[in-house]
Amino acid sequence: MPETYVHKFDTPTFKGEISVPLGLYIDGKWVDGSSGNKIDVINPSNGKLITKITEGSPKDVDLAVAAAQKAFDTTWGLHKNGFERARLLQKLGDLMEQNADKLAALEALDNGKTFNWARTTDVDHSIRCIRYYAGWADKILGQTIETSEAKLVYVRHEPIGVVAQIIPWNFPLQMMAWKIGPALATGCSVILKPSEFTPLSALFVAQLIHEAGFPAGSFNLINGYGHVVGQALAEHNGIEKIAFTGSTLVGRKIMEASSKSNLKKVTLELGGKSPSIVFDDADLEQAVKWAAFGIYYNHGQCCCAGSRIFVHEKIYDQFMQRFTEHTKSLKVGDPFDPEVFQGPQVSQQQYDRIMGYIKSGKEEGATIVTGGERLGQEGYYIQPTIFTNVKPSMKIVREEIFGPVCVVIKFKDDDDIVAMANDTIYGLAASVYSQNVTRALSTAHKIRAGTVWVNTANMLYPQVPFGGYKQSGIGRELGEYALANYTAVKAVQVNLHLNLS
Ligand code: NAD
(Lines give C-alpha, C1' and ligand atoms only; values in the text may rest on other atoms or scores of the structure.)
Protein backbone atom coordinates (compact mmCIF):
# COMPACT_ATOMS: atom_id res chain seq x y z
CA MET A 1 0.00 0.00 0.00
CA PRO A 2 1.63 3.31 -1.06
CA GLU A 3 2.32 5.98 1.54
CA THR A 4 0.64 9.34 1.98
CA TYR A 5 2.60 12.53 2.52
CA VAL A 6 1.31 15.19 4.91
CA HIS A 7 2.62 18.73 4.49
CA LYS A 8 2.07 21.30 7.24
CA PHE A 9 1.79 24.87 6.01
CA ASP A 10 2.22 27.88 8.27
CA THR A 11 2.51 30.75 5.81
CA PRO A 12 1.04 34.26 5.56
CA THR A 13 -1.41 33.14 2.87
CA PHE A 14 -2.18 29.53 3.83
CA LYS A 15 -2.16 27.58 7.08
CA GLY A 16 -3.15 23.95 7.46
CA GLU A 17 -2.27 20.37 6.60
CA ILE A 18 -2.59 18.67 3.23
CA SER A 19 -2.39 14.91 2.60
CA VAL A 20 -1.19 13.71 -0.76
CA PRO A 21 -1.11 10.03 -1.82
CA LEU A 22 2.28 9.13 -3.29
CA GLY A 23 1.45 6.01 -5.32
CA LEU A 24 0.09 5.37 -8.78
CA TYR A 25 -3.68 5.45 -9.30
CA ILE A 26 -4.65 2.49 -11.49
CA ASP A 27 -8.05 0.80 -11.83
CA GLY A 28 -9.58 2.85 -9.02
CA LYS A 29 -6.86 1.94 -6.49
CA TRP A 30 -3.68 3.49 -5.14
CA VAL A 31 -0.86 1.08 -5.88
CA ASP A 32 2.92 0.82 -5.56
CA GLY A 33 4.88 0.93 -8.80
CA SER A 34 6.28 -2.32 -10.14
CA SER A 35 9.88 -0.99 -10.17
CA GLY A 36 9.96 0.08 -6.50
CA ASN A 37 11.72 3.30 -7.56
CA LYS A 38 10.90 6.78 -6.27
CA ILE A 39 11.28 10.31 -7.69
CA ASP A 40 12.36 13.26 -5.52
CA VAL A 41 9.96 16.20 -5.39
CA ILE A 42 11.94 19.40 -4.80
CA ASN A 43 10.75 22.70 -3.36
CA PRO A 44 11.90 25.38 -5.87
CA SER A 45 11.92 28.06 -3.15
CA ASN A 46 14.87 26.44 -1.37
CA GLY A 47 16.02 23.45 -3.46
CA LYS A 48 15.15 21.05 -0.62
CA LEU A 49 13.33 17.72 -0.79
CA ILE A 50 9.57 17.86 -0.12
CA THR A 51 8.84 14.16 -0.52
CA LYS A 52 9.35 11.21 -2.87
CA ILE A 53 6.65 9.92 -5.21
CA THR A 54 6.30 6.49 -6.81
CA GLU A 55 7.99 6.16 -10.18
CA GLY A 56 5.93 4.30 -12.76
CA SER A 57 7.34 1.90 -15.35
CA PRO A 58 6.24 0.47 -18.72
CA LYS A 59 4.74 -2.46 -16.79
CA ASP A 60 2.53 -0.05 -14.86
CA VAL A 61 1.54 1.55 -18.17
CA ASP A 62 0.37 -1.90 -19.39
CA LEU A 63 -1.73 -2.32 -16.24
CA ALA A 64 -3.27 1.13 -16.65
CA VAL A 65 -4.07 0.53 -20.34
CA ALA A 66 -5.78 -2.77 -19.46
CA ALA A 67 -7.81 -1.10 -16.69
CA ALA A 68 -8.75 1.81 -18.96
CA GLN A 69 -9.85 -0.52 -21.75
CA LYS A 70 -11.90 -2.64 -19.33
CA ALA A 71 -13.67 0.46 -18.02
CA PHE A 72 -14.29 1.69 -21.56
CA ASP A 73 -15.85 -1.67 -22.49
CA THR A 74 -17.99 -2.08 -19.38
CA THR A 75 -18.64 0.87 -17.05
CA TRP A 76 -17.46 3.97 -18.92
CA GLY A 77 -17.56 5.21 -22.52
CA LEU A 78 -21.02 4.70 -23.98
CA HIS A 79 -21.97 2.56 -20.94
CA LYS A 80 -22.26 5.72 -18.84
CA ASN A 81 -24.64 8.18 -20.43
CA GLY A 82 -23.86 11.84 -20.94
CA PHE A 83 -26.03 12.97 -18.07
CA GLU A 84 -24.11 10.68 -15.68
CA ARG A 85 -20.73 11.79 -17.03
CA ALA A 86 -21.83 15.40 -16.54
CA ARG A 87 -22.92 14.67 -12.96
CA LEU A 88 -19.53 13.13 -12.12
CA LEU A 89 -17.63 16.06 -13.62
CA GLN A 90 -19.86 18.54 -11.74
CA LYS A 91 -19.13 16.63 -8.54
CA LEU A 92 -15.41 16.85 -9.29
CA GLY A 93 -15.74 20.61 -9.86
CA ASP A 94 -17.51 20.95 -6.50
CA LEU A 95 -14.82 18.94 -4.70
CA MET A 96 -12.10 21.04 -6.30
CA GLU A 97 -13.89 24.19 -5.17
CA GLN A 98 -14.13 22.84 -1.60
CA ASN A 99 -10.37 22.22 -1.72
CA ALA A 100 -9.41 25.32 -3.71
CA ASP A 101 -7.02 26.78 -1.11
CA LYS A 102 -5.30 23.43 -0.68
CA LEU A 103 -4.83 23.08 -4.42
CA ALA A 104 -3.35 26.59 -4.61
CA ALA A 105 -1.00 25.81 -1.72
CA LEU A 106 0.22 22.64 -3.44
CA GLU A 107 0.87 24.54 -6.68
CA ALA A 108 2.83 27.21 -4.78
CA LEU A 109 4.85 24.61 -2.88
CA ASP A 110 5.62 22.35 -5.82
CA ASN A 111 5.85 24.75 -8.77
CA GLY A 112 6.88 28.00 -7.02
CA LYS A 113 4.05 30.11 -8.46
CA THR A 114 2.55 32.46 -5.90
CA PHE A 115 -0.30 31.23 -3.74
CA ASN A 116 -2.45 34.23 -4.71
CA TRP A 117 -1.99 33.80 -8.46
CA ALA A 118 -2.46 30.05 -8.17
CA ARG A 119 -5.68 30.55 -6.23
CA THR A 120 -7.19 33.18 -8.53
CA THR A 121 -6.04 31.87 -11.89
CA ASP A 122 -4.81 28.26 -11.90
CA VAL A 123 -7.33 26.86 -9.44
CA ASP A 124 -10.36 28.95 -10.40
CA HIS A 125 -9.75 28.41 -14.11
CA SER A 126 -9.31 24.67 -13.61
CA ILE A 127 -12.61 24.40 -11.76
CA ARG A 128 -14.33 26.42 -14.49
CA CYS A 129 -12.79 24.19 -17.14
CA ILE A 130 -14.06 21.00 -15.48
CA ARG A 131 -17.56 22.53 -15.11
CA TYR A 132 -17.50 23.80 -18.69
CA TYR A 133 -16.85 20.29 -20.00
CA ALA A 134 -19.44 18.84 -17.61
CA GLY A 135 -21.85 21.04 -19.55
CA TRP A 136 -20.82 19.38 -22.82
CA ALA A 137 -21.05 15.77 -21.61
CA ASP A 138 -24.74 15.37 -22.51
CA LYS A 139 -24.51 17.57 -25.61
CA ILE A 140 -22.28 15.45 -27.84
CA LEU A 141 -24.36 15.75 -30.98
CA GLY A 142 -24.08 13.93 -34.28
CA GLN A 143 -25.97 14.78 -37.46
CA THR A 144 -28.52 13.32 -39.78
CA ILE A 145 -27.58 13.86 -43.41
CA GLU A 146 -29.96 13.88 -46.29
CA THR A 147 -28.93 11.56 -49.12
CA SER A 148 -32.07 9.95 -50.58
CA GLU A 149 -35.60 9.32 -49.38
CA ALA A 150 -34.79 5.62 -49.50
CA LYS A 151 -32.14 5.95 -46.83
CA LEU A 152 -31.50 7.23 -43.35
CA VAL A 153 -27.94 8.41 -42.84
CA TYR A 154 -26.71 9.63 -39.51
CA VAL A 155 -23.36 10.43 -37.92
CA ARG A 156 -22.33 9.55 -34.37
CA HIS A 157 -19.50 11.17 -32.43
CA GLU A 158 -18.27 8.23 -30.40
CA PRO A 159 -15.61 8.39 -27.67
CA ILE A 160 -12.29 7.42 -29.18
CA GLY A 161 -11.33 4.91 -26.45
CA VAL A 162 -8.26 4.83 -24.21
CA VAL A 163 -6.32 8.09 -24.30
CA ALA A 164 -2.97 9.11 -22.80
CA GLN A 165 -2.37 12.67 -21.65
CA ILE A 166 1.13 13.98 -20.92
CA ILE A 167 1.40 17.36 -19.24
CA PRO A 168 4.19 19.82 -18.29
CA TRP A 169 5.15 21.54 -15.04
CA ASN A 170 4.29 25.18 -15.73
CA PHE A 171 0.53 24.91 -15.07
CA PRO A 172 0.21 21.47 -13.51
CA LEU A 173 -3.41 21.76 -12.39
CA GLN A 174 -4.71 23.74 -15.36
CA MET A 175 -3.08 21.44 -17.88
CA MET A 176 -4.69 18.50 -16.10
CA ALA A 177 -8.12 20.19 -16.27
CA TRP A 178 -7.70 21.11 -19.95
CA LYS A 179 -6.86 17.51 -20.74
CA ILE A 180 -9.20 15.43 -18.58
CA GLY A 181 -12.22 17.76 -19.00
CA PRO A 182 -13.01 17.02 -22.66
CA ALA A 183 -11.73 13.43 -22.48
CA LEU A 184 -13.97 12.41 -19.58
CA ALA A 185 -16.91 14.47 -20.90
CA THR A 186 -16.89 12.50 -24.15
CA GLY A 187 -16.46 9.16 -22.35
CA CYS A 188 -12.82 8.37 -23.10
CA SER A 189 -10.78 6.47 -20.51
CA VAL A 190 -7.77 8.47 -19.39
CA ILE A 191 -4.18 7.72 -18.41
CA LEU A 192 -2.57 10.94 -17.19
CA LYS A 193 1.17 11.46 -16.80
CA PRO A 194 2.00 14.64 -14.89
CA SER A 195 5.43 16.22 -15.08
CA GLU A 196 7.99 14.59 -12.78
CA PHE A 197 8.79 18.12 -11.52
CA THR A 198 5.27 18.96 -10.27
CA PRO A 199 3.24 15.86 -9.44
CA LEU A 200 1.50 16.96 -6.21
CA SER A 201 -1.67 18.74 -7.37
CA ALA A 202 -2.53 15.96 -9.84
CA LEU A 203 -2.14 13.36 -7.07
CA PHE A 204 -4.46 15.41 -4.88
CA VAL A 205 -7.06 15.75 -7.67
CA ALA A 206 -6.90 11.99 -8.32
CA GLN A 207 -8.19 11.55 -4.76
CA LEU A 208 -11.07 13.88 -5.60
CA ILE A 209 -11.81 11.96 -8.81
CA HIS A 210 -12.01 8.82 -6.68
CA GLU A 211 -14.27 10.54 -4.16
CA ALA A 212 -16.52 11.86 -6.92
CA GLY A 213 -17.25 8.24 -7.88
CA PHE A 214 -15.80 7.88 -11.39
CA PRO A 215 -15.78 4.17 -12.31
CA ALA A 216 -12.52 2.27 -11.70
CA GLY A 217 -10.22 2.52 -14.70
CA SER A 218 -11.96 5.54 -16.28
CA PHE A 219 -9.16 7.74 -14.92
CA ASN A 220 -5.64 6.50 -14.14
CA LEU A 221 -2.57 8.44 -13.09
CA ILE A 222 1.01 7.28 -13.56
CA ASN A 223 3.87 9.46 -12.44
CA GLY A 224 7.27 8.86 -13.95
CA TYR A 225 10.00 10.17 -16.20
CA GLY A 226 9.19 11.28 -19.72
CA HIS A 227 11.65 8.99 -21.46
CA VAL A 228 10.25 5.99 -19.54
CA VAL A 229 6.52 6.38 -18.80
CA GLY A 230 5.89 9.08 -21.42
CA GLN A 231 7.69 7.08 -24.08
CA ALA A 232 5.85 3.87 -23.09
CA LEU A 233 2.52 5.68 -23.46
CA ALA A 234 3.50 7.16 -26.82
CA GLU A 235 4.54 3.72 -28.13
CA HIS A 236 1.65 1.71 -26.67
CA ASN A 237 -0.54 -0.15 -29.15
CA GLY A 238 -3.51 -0.13 -26.76
CA ILE A 239 -3.76 3.66 -26.69
CA GLU A 240 -5.91 5.32 -29.38
CA LYS A 241 -4.94 8.92 -28.84
CA ILE A 242 -2.24 10.93 -27.13
CA ALA A 243 -2.57 14.55 -26.06
CA PHE A 244 0.73 16.20 -25.23
CA THR A 245 1.68 19.57 -23.86
CA GLY A 246 5.36 20.35 -23.54
CA SER A 247 8.42 21.16 -25.59
CA THR A 248 8.63 20.99 -29.36
CA LEU A 249 11.53 18.55 -29.02
CA VAL A 250 9.43 16.01 -27.10
CA GLY A 251 6.42 16.70 -29.35
CA ARG A 252 8.49 15.37 -32.26
CA LYS A 253 9.32 12.22 -30.28
CA ILE A 254 5.62 11.64 -29.56
CA MET A 255 4.75 11.87 -33.25
CA GLU A 256 7.59 9.54 -34.13
CA ALA A 257 6.50 6.98 -31.52
CA SER A 258 2.94 7.16 -32.82
CA SER A 259 4.07 6.62 -36.39
CA LYS A 260 6.20 3.64 -35.37
CA SER A 261 3.44 2.00 -33.30
CA ASN A 262 -0.32 2.10 -33.96
CA LEU A 263 -0.66 5.56 -35.55
CA LYS A 264 -2.52 6.81 -32.49
CA LYS A 265 -4.05 10.25 -33.01
CA VAL A 266 -1.74 13.00 -31.77
CA THR A 267 -2.49 16.52 -30.59
CA LEU A 268 0.40 18.75 -29.53
CA GLU A 269 0.52 21.99 -27.56
CA LEU A 270 4.13 23.12 -27.84
CA GLY A 271 6.33 26.12 -27.33
CA GLY A 272 6.23 29.72 -28.48
CA LYS A 273 8.13 32.97 -28.98
CA SER A 274 5.16 35.29 -28.99
CA PRO A 275 5.35 38.91 -30.18
CA SER A 276 3.82 41.86 -28.32
CA ILE A 277 3.39 44.77 -30.73
CA VAL A 278 3.00 48.26 -29.26
CA PHE A 279 1.87 50.85 -31.83
CA ASP A 280 2.40 54.59 -31.33
CA ASP A 281 -1.35 55.09 -30.75
CA ALA A 282 -1.52 52.61 -27.86
CA ASP A 283 -2.68 53.59 -24.39
CA LEU A 284 0.90 53.66 -23.16
CA GLU A 285 0.32 53.06 -19.49
CA GLN A 286 -1.92 50.05 -20.18
CA ALA A 287 0.39 48.72 -22.89
CA VAL A 288 3.33 48.80 -20.47
CA LYS A 289 1.38 46.91 -17.80
CA TRP A 290 -0.09 44.31 -20.16
CA ALA A 291 3.20 43.74 -21.99
CA ALA A 292 4.88 43.20 -18.61
CA PHE A 293 2.12 40.80 -17.61
CA GLY A 294 2.54 39.12 -21.00
CA ILE A 295 6.15 38.21 -20.29
CA TYR A 296 6.51 38.05 -16.50
CA TYR A 297 3.28 36.29 -15.48
CA ASN A 298 4.04 32.80 -14.10
CA HIS A 299 7.75 33.81 -14.05
CA GLY A 300 7.85 33.78 -17.85
CA GLN A 301 7.04 30.07 -17.82
CA CYS A 302 4.11 30.42 -20.22
CA CYS A 303 4.11 28.80 -23.63
CA CYS A 304 2.37 31.96 -24.89
CA ALA A 305 4.71 34.42 -23.07
CA GLY A 306 5.14 37.68 -24.99
CA SER A 307 8.92 37.41 -25.01
CA ARG A 308 9.56 39.60 -28.08
CA ILE A 309 8.24 43.12 -27.48
CA PHE A 310 8.15 45.34 -30.58
CA VAL A 311 7.66 49.07 -29.91
CA HIS A 312 7.00 51.80 -32.47
CA GLU A 313 9.97 54.17 -32.73
CA LYS A 314 7.83 57.25 -31.94
CA ILE A 315 7.05 56.00 -28.42
CA TYR A 316 10.06 53.72 -27.87
CA ASP A 317 11.89 55.93 -25.35
CA GLN A 318 8.78 56.63 -23.30
CA PHE A 319 7.80 52.98 -23.36
CA MET A 320 11.26 51.82 -22.30
CA GLN A 321 11.40 54.23 -19.39
CA ARG A 322 8.02 53.11 -18.02
CA PHE A 323 8.50 49.44 -18.85
CA THR A 324 11.87 49.38 -17.09
CA GLU A 325 10.42 51.09 -13.99
CA HIS A 326 7.52 48.66 -13.96
CA THR A 327 9.84 45.66 -14.35
CA LYS A 328 12.02 46.85 -11.46
CA SER A 329 8.94 47.28 -9.27
CA LEU A 330 7.85 43.64 -9.51
CA LYS A 331 8.47 41.92 -6.21
CA VAL A 332 10.26 38.58 -6.51
CA GLY A 333 10.36 36.19 -3.55
CA ASP A 334 8.52 33.67 -1.38
CA PRO A 335 5.44 32.34 -3.24
CA PHE A 336 3.41 32.50 -0.01
CA ASP A 337 4.12 36.22 0.55
CA PRO A 338 0.95 38.12 -0.50
CA GLU A 339 3.02 41.03 -1.92
CA VAL A 340 5.12 38.85 -4.22
CA PHE A 341 4.44 38.80 -7.97
CA GLN A 342 7.12 36.33 -9.05
CA GLY A 343 8.34 33.22 -7.24
CA PRO A 344 11.25 30.95 -8.13
CA GLN A 345 11.68 29.17 -11.45
CA VAL A 346 10.49 25.59 -11.24
CA SER A 347 13.76 23.65 -11.08
CA GLN A 348 17.54 23.77 -11.13
CA GLN A 349 17.43 22.66 -14.79
CA GLN A 350 15.17 25.55 -15.79
CA TYR A 351 17.22 27.98 -13.70
CA ASP A 352 20.40 26.86 -15.49
CA ARG A 353 18.71 26.99 -18.88
CA ILE A 354 17.47 30.57 -18.38
CA MET A 355 20.81 31.79 -16.99
CA GLY A 356 22.44 30.14 -20.03
CA TYR A 357 20.24 32.26 -22.33
CA ILE A 358 21.06 35.42 -20.37
CA LYS A 359 24.76 34.61 -20.76
CA SER A 360 24.35 34.01 -24.48
CA GLY A 361 22.50 37.34 -24.87
CA LYS A 362 25.41 39.16 -23.22
CA GLU A 363 28.00 37.27 -25.28
CA GLU A 364 26.19 38.00 -28.53
CA GLY A 365 26.29 41.72 -27.75
CA ALA A 366 22.77 42.55 -26.51
CA THR A 367 22.35 45.14 -23.75
CA ILE A 368 20.78 44.30 -20.39
CA VAL A 369 18.59 47.20 -19.29
CA THR A 370 17.63 45.63 -15.99
CA GLY A 371 17.89 42.20 -14.32
CA GLY A 372 20.05 39.38 -15.61
CA GLU A 373 21.11 38.08 -12.20
CA ARG A 374 20.18 35.48 -9.62
CA LEU A 375 18.25 36.66 -6.57
CA GLY A 376 19.13 35.39 -3.09
CA GLN A 377 21.32 32.49 -2.06
CA GLU A 378 18.90 29.58 -2.19
CA GLY A 379 16.05 28.57 -4.50
CA TYR A 380 15.77 29.27 -8.22
CA TYR A 381 15.03 33.01 -8.26
CA ILE A 382 15.91 35.13 -11.31
CA GLN A 383 15.47 38.89 -11.70
CA PRO A 384 12.99 39.97 -14.39
CA THR A 385 15.26 40.83 -17.30
CA ILE A 386 15.04 43.18 -20.30
CA PHE A 387 17.41 43.01 -23.28
CA THR A 388 17.69 45.69 -25.98
CA ASN A 389 20.07 46.17 -28.93
CA VAL A 390 19.30 42.71 -30.18
CA LYS A 391 19.69 41.30 -33.69
CA PRO A 392 17.17 38.92 -35.33
CA SER A 393 19.80 36.15 -35.44
CA MET A 394 20.47 36.10 -31.69
CA LYS A 395 19.48 33.04 -29.69
CA ILE A 396 17.55 35.18 -27.19
CA VAL A 397 15.42 36.49 -30.08
CA ARG A 398 14.86 33.15 -31.82
CA GLU A 399 14.57 30.51 -29.06
CA GLU A 400 12.02 30.00 -26.33
CA ILE A 401 13.66 30.96 -23.02
CA PHE A 402 10.71 30.05 -20.77
CA GLY A 403 11.75 32.48 -18.06
CA PRO A 404 11.31 36.15 -17.05
CA VAL A 405 13.44 37.44 -19.93
CA CYS A 406 12.30 39.59 -22.85
CA VAL A 407 13.82 41.43 -25.77
CA VAL A 408 12.52 44.89 -26.76
CA ILE A 409 12.87 45.84 -30.43
CA LYS A 410 12.12 49.15 -32.19
CA PHE A 411 10.03 49.19 -35.40
CA LYS A 412 9.06 51.83 -37.96
CA ASP A 413 6.03 50.92 -40.05
CA ASP A 414 3.02 48.63 -40.01
CA ASP A 415 4.16 46.44 -42.89
CA ASP A 416 7.59 45.78 -41.39
CA ILE A 417 6.16 44.82 -38.06
CA VAL A 418 4.02 41.99 -39.41
CA ALA A 419 7.06 40.41 -41.09
CA MET A 420 9.16 40.89 -37.94
CA ALA A 421 6.49 39.38 -35.70
CA ASN A 422 6.03 36.40 -38.01
CA ASP A 423 9.77 35.76 -38.28
CA THR A 424 9.73 32.71 -35.98
CA ILE A 425 9.19 28.97 -36.23
CA TYR A 426 6.44 29.35 -33.62
CA GLY A 427 2.87 30.60 -33.86
CA LEU A 428 1.14 30.22 -30.54
CA ALA A 429 0.05 33.74 -29.58
CA ALA A 430 0.57 37.47 -30.05
CA SER A 431 -0.57 40.75 -28.50
CA VAL A 432 -1.32 43.97 -30.38
CA TYR A 433 -1.61 47.30 -28.55
CA SER A 434 -3.37 50.14 -30.41
CA GLN A 435 -6.37 52.43 -29.89
CA ASN A 436 -7.13 52.26 -33.60
CA VAL A 437 -9.43 49.32 -34.15
CA THR A 438 -8.71 49.03 -37.88
CA ARG A 439 -4.97 49.00 -37.34
CA ALA A 440 -5.21 46.57 -34.44
CA LEU A 441 -7.50 44.10 -36.17
CA SER A 442 -5.81 44.19 -39.56
CA THR A 443 -2.52 43.43 -37.78
CA ALA A 444 -4.18 40.69 -35.71
CA HIS A 445 -5.43 39.02 -38.89
CA LYS A 446 -1.96 39.04 -40.48
CA ILE A 447 -0.19 37.43 -37.51
CA ARG A 448 0.38 33.69 -37.95
CA ALA A 449 -0.68 32.56 -34.49
CA GLY A 450 -3.47 30.57 -32.85
CA THR A 451 -4.40 33.38 -30.45
CA VAL A 452 -4.11 37.13 -30.91
CA TRP A 453 -4.90 39.39 -27.99
CA VAL A 454 -5.75 43.04 -28.66
CA ASN A 455 -4.84 45.38 -25.77
CA THR A 456 -4.42 42.45 -23.38
CA ALA A 457 -2.28 39.33 -22.87
CA ASN A 458 -2.35 35.83 -21.40
CA MET A 459 -6.14 35.74 -21.06
CA LEU A 460 -7.57 32.25 -21.47
CA TYR A 461 -11.10 30.94 -21.07
CA PRO A 462 -12.32 27.34 -21.11
CA GLN A 463 -14.76 28.19 -23.91
CA VAL A 464 -12.15 29.79 -26.21
CA PRO A 465 -9.91 27.49 -28.31
CA PHE A 466 -6.17 27.59 -27.76
CA GLY A 467 -3.36 26.10 -29.82
CA GLY A 468 -0.61 26.80 -32.27
CA TYR A 469 0.17 27.60 -35.86
CA LYS A 470 3.47 26.36 -37.30
CA GLN A 471 5.74 24.48 -34.85
CA SER A 472 3.68 25.54 -31.83
CA GLY A 473 1.47 22.51 -32.20
CA ILE A 474 -1.20 20.45 -33.85
CA GLY A 475 -4.88 20.71 -32.94
CA ARG A 476 -6.77 22.94 -30.53
CA GLU A 477 -7.57 22.56 -26.87
CA LEU A 478 -10.42 24.17 -24.92
CA GLY A 479 -13.82 25.19 -26.22
CA GLU A 480 -16.00 23.02 -28.39
CA TYR A 481 -12.95 22.38 -30.60
CA ALA A 482 -11.35 20.10 -28.00
CA LEU A 483 -14.25 17.65 -28.14
CA ALA A 484 -13.22 16.62 -31.65
CA ASN A 485 -9.87 15.43 -30.26
CA TYR A 486 -11.65 12.78 -28.22
CA THR A 487 -14.39 11.60 -30.56
CA ALA A 488 -14.39 9.41 -33.64
CA VAL A 489 -16.91 10.16 -36.35
CA LYS A 490 -19.01 7.21 -37.50
CA ALA A 491 -21.45 7.44 -40.40
CA VAL A 492 -24.30 4.91 -40.27
CA GLN A 493 -26.25 4.31 -43.47
CA VAL A 494 -29.66 2.62 -43.19
CA ASN A 495 -31.44 1.30 -46.21
CA LEU A 496 -35.16 2.01 -45.83
CA HIS A 497 -36.43 0.89 -49.22
CA LEU A 498 -33.62 0.90 -51.78
CA ASN A 499 -34.11 -2.57 -53.23
CA LEU A 500 -31.74 -4.37 -55.58
CA SER A 501 -33.42 -5.95 -58.57
P1 NAD B 1 8.92 18.66 -21.73
O2 NAD B 1 8.57 18.47 -23.15
O3 NAD B 1 10.29 18.39 -21.29
O4 NAD B 1 7.99 17.74 -20.81
C5 NAD B 1 6.59 17.73 -20.92
C6 NAD B 1 6.08 16.38 -20.50
O7 NAD B 1 6.57 15.41 -21.42
C8 NAD B 1 6.54 15.93 -19.11
O9 NAD B 1 5.49 15.23 -18.48
C10 NAD B 1 7.68 14.98 -19.43
O11 NAD B 1 7.88 13.99 -18.45
C12 NAD B 1 7.19 14.35 -20.73
N13 NAD B 1 8.25 13.81 -21.57
C14 NAD B 1 9.57 14.15 -21.61
N15 NAD B 1 10.23 13.37 -22.50
C16 NAD B 1 9.30 12.54 -23.05
C17 NAD B 1 9.37 11.52 -24.05
N18 NAD B 1 10.51 11.18 -24.64
N19 NAD B 1 8.22 10.88 -24.38
C20 NAD B 1 7.05 11.21 -23.80
N21 NAD B 1 6.93 12.14 -22.83
C22 NAD B 1 8.05 12.81 -22.47
O23 NAD B 1 8.43 20.11 -21.40
P24 NAD B 1 8.47 20.85 -20.01
O25 NAD B 1 9.89 21.26 -19.79
O26 NAD B 1 7.79 20.07 -18.94
O27 NAD B 1 7.52 22.11 -20.32
C28 NAD B 1 8.00 23.24 -20.95
C29 NAD B 1 7.61 23.26 -22.41
O30 NAD B 1 6.22 23.04 -22.58
C31 NAD B 1 7.87 24.60 -23.04
O32 NAD B 1 8.50 24.43 -24.28
C33 NAD B 1 6.49 25.20 -23.23
O34 NAD B 1 6.36 26.12 -24.24
C35 NAD B 1 5.64 24.01 -23.43
N36 NAD B 1 4.27 24.27 -23.02
C37 NAD B 1 3.33 24.46 -24.00
C38 NAD B 1 2.01 24.75 -23.66
C39 NAD B 1 0.96 24.95 -24.71
O40 NAD B 1 -0.22 24.94 -24.40
N41 NAD B 1 1.32 25.15 -25.96
C42 NAD B 1 1.64 24.82 -22.32
C43 NAD B 1 2.62 24.61 -21.35
C44 NAD B 1 3.94 24.32 -21.73
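**The ligand and its surroundings**

In this predicted model, a polar side-chain atom of W169 lies 2.9 Å from an oxygen atom of the ligand. The ligand has 850 Å² of accessible area on its own, and the protein covers 91% of it. Domain 1 (4–270 + 474–489) and domain 2 (275–461) both contribute residues to the shell around the ligand, which therefore lies between the two domains.

**Further contacts of the ligand**
- In the side chain of Q231, an N or O atom is 3.3 Å from a nitrogen atom of the ligand.
- L270 comes to 2.7 Å from a nitrogen atom of the ligand, in this case through a backbone N or O atom.

**Where the ligand sits**
- The largest pocket is the space that the ligand takes.
- Two or more residues of the shell around the ligand come from each of the elements α7 (226–235), β12 (241–245) and α8 (248–260).

**Make-up of the shell**
- The ligand is surrounded by 27 residues, of which I167, E196, S247, L270 and E400 are the closest.
- Sorted by class, the shell around the ligand holds 13 nonpolar residues, together with nine polar and five charged ones.

Note on methods: Residues are numbered from 1 along each chain as its sequence is written. This is a predicted model: local features need pLDDT of at least 70, side-chain atom pairs count only at pLDDT 80 or more; totals for chains, interfaces and linings use all residues. Side-chain values use heavy atoms; hydrogens and water are left out. A residue is near a molecule or strand if one of its heavy atoms lies within 4 Å of it. A polar contact is a pair of N or O atoms within 3.5 Å; within protein, one must be able to donate a hydrogen and the other to accept it, and residues adjacent in sequence count only if both atoms are side-chain atoms. Accessible areas come from the Shrake-Rupley method with a 1.4 Å probe; for residues, only the protein chains shown count as cover. On a 1 Å grid over the protein atoms alone, a cavity is a set of points where a 1.4 Å probe fits but cannot get out, and a pocket is an open set with protein on both sides within 12 Å along at least five of seven lines; lining residues have an atom within 4 Å of a point. A molecule sits in a cavity or pocket if more than half of its atoms lie within 2 Å of its grid points. Helices (H or I, at least four residues) and strands (E, at least two) are DSSP runs, numbered from the N terminus. Ala, Val, Leu, Ile, Met, Phe, Trp, Tyr, Cys and Pro count as nonpolar, Asp, Glu, Lys and Arg as charged, and the others, Gly among them, as polar. Domain bounds come from an automatic or database domain assignment.
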